[in-house]
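Let's take a friendly walk through this structure. Have the viewer open and follow along.

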Amino acid sequence: MLIELKNIIKNYENGDVVTKVLRGINLSVDEGEFVAIMGPSGSGKSTLMHTIGFLDRPTSGEYLFDGENTEGFNDDELARIRNDRIGFVFQSFNLLPRTSVLDNVILPLLYSGSKTNYESRAKKALEAVGLGERLHFMSNQISGGQKQRVAIARALVCDPKVIFADEPTGNLDSKSGHIVMNILEKLNNEGRTIILVTHDKQVALHANRIVTISDGEIISDVLVPESDRVHSKEIEEDLDI
Amino acid sequence: MSSLIKEIKVTIKDLLTRKGRSFLTILGIIIGVAGVIIIISLGAGAQSLVLGQITKLGSNLVGVLPGKSNENGPPTAVFGVQIKTLKESDVEAIKNKSKVPNATDVASFVSGNVTIIAGKESVDTSFVATDGSYVRIQNTEMIKGTFFTDEESNAGANVIVLGYDVASSLFPNGNEIGSIVKIKVPNNNPSNTESSNSVPFRVIGVQKKLGTVAFQNQDDQVFIPFSIGQHQILGIDYLQFVRVKIDDATNVKIAMEDIKRVLREQHRIHDIENDDFSVRDLADAIKLLTGITDTLRIFLGLMAGISLVVGGIGIMNIMLVTVSERTREIGLRKSIGATRKNIRNQFLLESIVLTFTGGILGIILGVLVSYLVAVGARFAGYDWAFIISPFAVILAVTVSILTGIIFGLYPALKAAKLDPIVALRYE
């Protein structure tokens, strides 16, 4: 079991007002799964993913990651996990401005303990998302779909066990969205665990399991029959901008 | 180490992408550091100039002034107070070989401001009435003619030596020697009965151009024999100043004690506390002067230091703005594994690179300005030394880096403390 959540509760306190965002989540994810978390906005799906992705700490509950209880982890240990065990892909890409594609992908390596091969590892990650030819473009000179692929390469470069994608196609046209989903599928086929947050059923159907959340509680957790799954075909992208 | 170099390179690249703001950010530091360098350099230059001029006078000279003064303070005569306790009889006593055996020459002085007339030309200048020994004590050099002799001064001959500037304004044609000039007797002379009273003098010499020493133009003055100046021009019976030349610099202290004893005898003083005169040598003058200039330099240096602090606060302001502008970036960096330390170091490094660059640019600017001042001063005829003390440079760089650390720390810590998810959601 890669991820095991036991009765995770997350409350936000604002003065005297306590907002209960997660009300006792129990969830297990195996290595190699492709899980889509669905739910309307305000349901707590993003908070759930941020909690699983170590960007946020639960108010209470037990979180085992790769068999380790993460409750006592300090800031530095959490930073380490974020660096080399998981990778994040955001809806708004979050690339560094005025910085080359290559340097954006190198960034996580700078925070890792390793000292060598920054460039070749970053190039490899960029080739995996089909951007091996765009290394020295500035991050603001490429299209939205390409930006998201750079973000995937950045998530990939430290060879993480899980990739978290928060509405990765939310800011993209459908063609670019298909390219991004195709890449995520390929990564899953290579054995990498993918956890995806979306409110789009068509996007969610790329996963082999859909967890639906409403008002901070899981209301359904189903496996997607292979016949229902959507597969994005590999699209030859014309690299003109 | 190599990762630090890489981080510095990344930081520099990052700062260069917003050149304009980076430059404005460090402008305060540049000015502050340049100010420190310039003040220390100009202070040292001015000090060496004045000290050089004093030392040129000779280290074996002793001055006697009327009026008591404490050891380190300036004599009261400096402030224009007229004290009448020093008389010619005192000078005669100092000249007595059996009483002050190391004194080789003694010159008496009185001085004042007068108008000199030559034909249709007239000039307001200051006169120095002294003895023929002046030329041996001060090593005066003449461009024309000679200084008056002991005999001439003792006899009270009506002869005059002109300073370079006085000579050129009174005698544009250069025919000074042998000409007659008239000195108008000042109205405050008690024996002056008519306002048009004047004394004629024959010009016997013109002094070589000397330039300005200790903020006084040495070429705008004339020399006349002591007794004429004292009696006929000023109408007084006391002395303003006595300068004594000692046979050897090592005997100065002994001679000073001898002079003090003689003067106490003359003035019937039994208690040192009641001294009505001051005896000083050049070491005292140098000590006094360096004391004053050092105080001035420290004061000005502090002012420049304050501008460095103000520059530092400017840096802190901009860094705080930078941190809040880049909150999302900080969130992103944290989400891909940056630790608090990474973020803190990133912003600290940025402010240190900024202030260090400011320090370097400030040094360049400061050295340049100091050099230009030195060139200008030499052009104006001063023997100005261009001095950049390594101490000032090291101090300026250290202070600028410290400023970066101190004023960069708060914004950096603020950035480091940001919660990743809060930072990522920041709009």
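In what order do the four strands of the open sheet in chain A lie?

## The sheet in chain A

This is a predicted model, and in it the order is S2-S1-S4-S5 (chain A), with antiparallel pairing across the open sheet. Strand S2 (17-29) and strand S5 (68-69) of chain A are found at the edges; each has a single partner strand, so one side of each is left without a neighbour in the sheet.

Let's look at one pair of strands in detail. Strand S1 (residues 3-14) of chain A runs antiparallel to S2(A), and 10 bridges join the two.

The hairpin of S1(A) and S2(A) has two residues between the strands, and here Gly15(A) adopts a positive phi near 65 degrees.

## Where chain B touches chain A

Now to the contact between the chains. Chain A contributes 19 residues to the contact and chain B contributes 13 residues. On the side of chain B that touches chain A, helix H10 (327-335), helix H11 (340-379) and helix H13 (420-425) of chain B each supply at least two residues. H10(B) gives the most to this side, with four residues.

Key: Residues are numbered from 1 along each chain as its sequence is written. Chains are lettered from A and ligands numbered from 1 in the order in which they are written. This is a predicted model: local features need pLDDT of at least 70, side-chain atom pairs count only at pLDDT 80 or more; totals for chains, interfaces and linings use all residues. Two residues are in contact if their C-beta atoms, placed from the backbone, lie within 7 Å. Two strands pair if DSSP finds at least two bridges between them.
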